[in-house]
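Please work through the following exercises with the sequence and the three-dimensional structure at hand. Each task is followed by a stepwise solution.

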Amino acid sequence: MRDLVSILDGNTFLVSDRRGDIEPSYDFPTGLFSFDTRFLSTWVLTLDGERLHALSVDDSESYRTTFFLAPGEPTHYLDAKASVIRSRAIVGSFEEELTVLNHLGAEVECTLRIEVGADFADLFEIKNARQKRGRTTITVGENELRLAYRREEFHREMVLRTTAPARIDETGMTFRIRIARNGRWSTRLHVSSVVFGARSQDIRATLPYGGSRSADAIRAEQQELIDRAPKLGCDCEPLAGAYRRSLNDLAALRYESIALGVRLIAAGLPWFMTLFGRDSIITSLQVLPFLPELVPPTILMLAGLQGHRVDDFRDEEPGKILHELRYGETAGFEEQPHSPYYGSADSTPLFIILLDEYELWTGDSALVRKLESQVRAALKWIDTYGDLLGTGYLWYQTRNPETGLQNQCWKDSWDAISYADGQLPGFPRATCELQGYAYDAKIRAARLARKFWNDPEFADTLEREAADLKQRFDRDFWIPEREHYALALDADGRQVDALTSNIGHLLWSGIVDESRAGKVVEHLLGPRLFSGWGVRTLAADEGRYNPIGYHVGTVWPFDNSIIAWGLWRYGFRDEAGLICETMLAASRYFGGRLPEAFAGYARDLTNYPVEYPTACSPQAWSTGTPLLLLRVMLGLEPQGEHLIIDPAVPSGMGRVELLDIPGRWGTVDALGRSRDPEERPGGG
Amino acid sequence: MTEAAERFFEALPSRAPEILGGLADGTLQIDLGDNHRTEHWLVRMRPGSVRVSRERGPADAIWYSSAALFDRLISGEAQGIAAVLRNESTFSGNVVLFLAFRRFFPDPPGTRDPRETARRAAGRQR
């Protein structure tokens with residue numbers, strides 16, 4: 001990923017190499033993508049038949065990049081007679097301005113060519129290349145090249161237009177140009193990606209925000225969002241940098257759903273530029289204290305798309321909240337189940353948790369009243385379909401073994417849930433954090449029932465059930481000889497005994513018995529789990545541990561932000577502060593942008609956090625991580641109509657000041673300062 | 001208009017209290033087409049209730065389906081959102097109304113309760 005350059009606006013994005021070129025790729029999604037379809041799979045620039053190389057790349061903004069290029073191999077460029085500036089932006093569609101500069105004292109003639117191809121691959125076809133079922137037709141017009149893909153009524157088009165005259169053929173455009181001495185030539189290439197919908201119109205033309213915006217409009221809109229967020233003043237540059245970067249990336253990840261017509265936050269570049277239940281809920285929880293207005297569209301869409309029938313292909317059941325919604329061909333023709341897919345056992349309790357947390361911050365009781373039936377249906381799912389074996393726990397087992405997910409918790413890769421000896425349990429499985437979320441969901445729903453639905457009896461019932469769950473959980477999941485909670489129960493009710501970061505989520509949910517909290521914290525910050533940069537997904541001495549295994553040894557920033565929240569909840573402020581500090585220290589190595597995951601190597605082994613090879617970046621819940629860490633350090637907790645501010649800033653971090661925190665109180669300021677006055681010359 | 005579709009619309013008011021929650025608030029026009037003509041249904045949804053008539057808008061959203069696809073939706077064989085994604089069916093306007101209406105569509109034929117299957121299998125393992 002490091003050698004690739006990405007730009008994005010919402011869920012339209014382009015990934016190219018350092019020269020700005022795109023060549024067909026079947027392992028990593030390079031190309032121009034919009035709504036899960038690849039609209040450009042080839043985009044290669046040559047000057048007089050020669051490829052170019054990059055002198056420098058300016059990628060300081062999320063939606064535009066400028067490449068400075070010269071012909072030939074790097075050793076030749078000093079006597080280059082010409083150079084090329086390639087300036088591109090995602091502005092709903094994709095625009096690229098090509099400028100050729102003549103460095104000679106004489107007129108030159110040259111041939112510039114852009115090679116163009118569109119394979120219209122669905123994102124799910126990138127990894128498993130296959131023959132397209134539909135047909136592509138190519139039309140060469142005056143100043144335009146049009147590639148259209150049709151399969152039954154499914155219809156996508158890529159239209160490339162040029163402002164300068166060109167010789168156009170089916171695979172590209174050629175410009176024969178003459179440039180005066182020390183002069184320049186340029187053309188503007190415009191690529192529209194058209195998604196056909198009702199009455200054969202581009203579906204985005206009928207959306208409230210429309211498909212295309214100018215670069216200025218994007219900048220203004222992103223700036224407006226950033227301006228609305230609380231202002232951070234602090235002595236700690238990594239914190240300031242990560243906060244700035246997070247706000248920028250959140251602005252960039254917002255997109256307008258073609259199926260839904262509302263603005264949602266995409267989960268992550270490049271694989272996850274769509275709506276996920278779990279990711280969008282966690283991201284919403286992280287950003288709520290800062291940008292609460294980003295949250296209601298997500299809640300509404302998850303509620304609107306709540307499962308209503310038993311559908312094995314989609315792992316859908318009544319009351320269940322979705323896992324993933326996709327917009328592409330494989331979802332439409334039911335070759336993949338994402339229309340939407342419901343294969344997650346945590347999104348349903350997390351949905352209830354988010355709605356309650358949202359009301360606590362904003363006082364938006366109207367939304368809580370409006371969604372009463374959805375929340376009741378979600379609670380019912382927890383006690384019925386969610387409790388697959390009827391043992392009082394949340395279990396999962398896919399009914400779609402071909403294209404469904406085996407693991408339906410946040411660690412959803414196939415090998416993520418294992419015994420300490422590395423063996424994999426059978427199905428169904430009940431992972432521990434699911435039970436924690438269910439506990440918290442019931443406690444929070446009880447508050448909603450009492451306060452907004454006028455149903456104190458239901459509230460009492462929920463609280464009784466939660467208390468009972470907490471007791472049973474401690475009995476069935478605690479492993480006395482290992483002194484931690486089991487990762488899961490297997491189908492026989494046996495404990496899956498690996499030590500994992502999941503126990504940190506238990507602190508966040510409040511299901512941990514107070515007498516056990518100390519041991520849980522010892523494990524989280526002990527050498528088996530804590531790498532020095534953060535808490536590993538799996539302890540370093542477990543059978544399946546691999547420091548670069550996706551869910552079996554890497555460190556996930558979002559995971560750590562939830563763990564820090566949990567440590568704070570149980571009063572372990574110093575330990576929470578340590579995680580905040582090490583995460584922010586890690587973010588410096590990624591330009592303030594925490595990736596999806598980084599390697600679990602011990603900090604003293606590598607001295608810097610090693611990026612996981614195919615980590616997604618930016619990724620929404622990593623982007624939200626610095627925000628949640630700030631909340632944890634400042635101890636921000638709504639209570640009634642007020643915001644409690646109880647800072648515990650890690651030593652050495654100095655002053656942390658957050659101004660204009662929005663909520664039901666209007667806006668308030670929070671000020672924290674680390675307790676050691678000697679940490680900075682002059683008293684900091 | 002098939003008989004199955006007519007029966008489906010007739011049954012909506014009695015099913016609405018159980019099916020339509022707080023998000024269902026507005027009018028959806030449903031256009032069902034075949035080779036010869038398009039039939040219009042107007043579905044006025046409120047939380048817990050619905051009124052159905054055979055006429056055109058004004059509506060907050062319009063949803064188009066072929067009569068044949070609609071028959072497959074009301075028997076549970078087809079799924080509404082996938083049909084929209086492959087453009088076999090289209091809508092414009094407030095999507096929440098379409099999402100609320102799709103809740104009237106039944107399970108795919110032959111679906112079994114996943115709990116029975118899982119509990120039987122787990123019982124065998126013990």
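A crossing is called left-handed if the near helix is turned anticlockwise from the far one by less than a right angle, and right-handed if clockwise. The model is predicted, so local features need pLDDT of at least 70 and side-chain atom pairs count only at pLDDT 80 or more, while totals for chains, interfaces and linings use all residues. Residues are numbered from 1 along each chain as its sequence is written, and chains are lettered from A in the order in which they are written.

**Exercise 1.** Describe how α7(A) and α10(A) cross.

Step 1. Helix α7 (residues 347-362) and helix α10 (residues 432-451) of chain A have axes that come within 8 Å and cross at roughly 40°. Helices are DSSP runs (H or I, at least four residues), numbered from the N terminus.

Step 2. That angle makes α7(A) oblique to α10(A), since angles under 35 degrees count as roughly parallel, over 145 as roughly antiparallel, 65 to 115 as roughly perpendicular and the rest as oblique.

Step 3. The crossing of the pair α7(A) and α10(A) is left-handed.

**Exercise 2.** State which residues meet where α7(A) touches α10(A).

Step 1. From α7(A), the residues include A:Leu350, A:Ile353 and A:Asp356; among their partners in α10(A) are A:Ala441, A:Arg444 and A:Leu448. Contact requires C-beta atoms, placed from the backbone, to lie within 7 Å.

Step 2. By class, this contact of α7(A) with α10(A) has nine nonpolar, no polar and four charged residues. Ala, Val, Leu, Ile, Met, Phe, Trp, Tyr, Cys and Pro count as nonpolar, Asp, Glu, Lys and Arg as charged, and the others, Gly among them, as polar.

**Exercise 3.** Give the number of residues that each chain brings to the contact of chain A with chain B.

Step 1. Chain B brings 32 residues and chain A 40 residues.

Step 2. The largest share of the side of chain B that touches chain A, six residues, comes from α5(B).

Methods. Two residues are in contact if their C-beta atoms, placed from the backbone, lie within 7 Å. Helices (H or I, at least four residues) and strands (E, at least two) are DSSP runs, numbered from the N terminus. Axes are lines fitted to C-alpha atoms, for helices over the stretch in contact, and angles run from 0 to 180 degrees between N-to-C directions.
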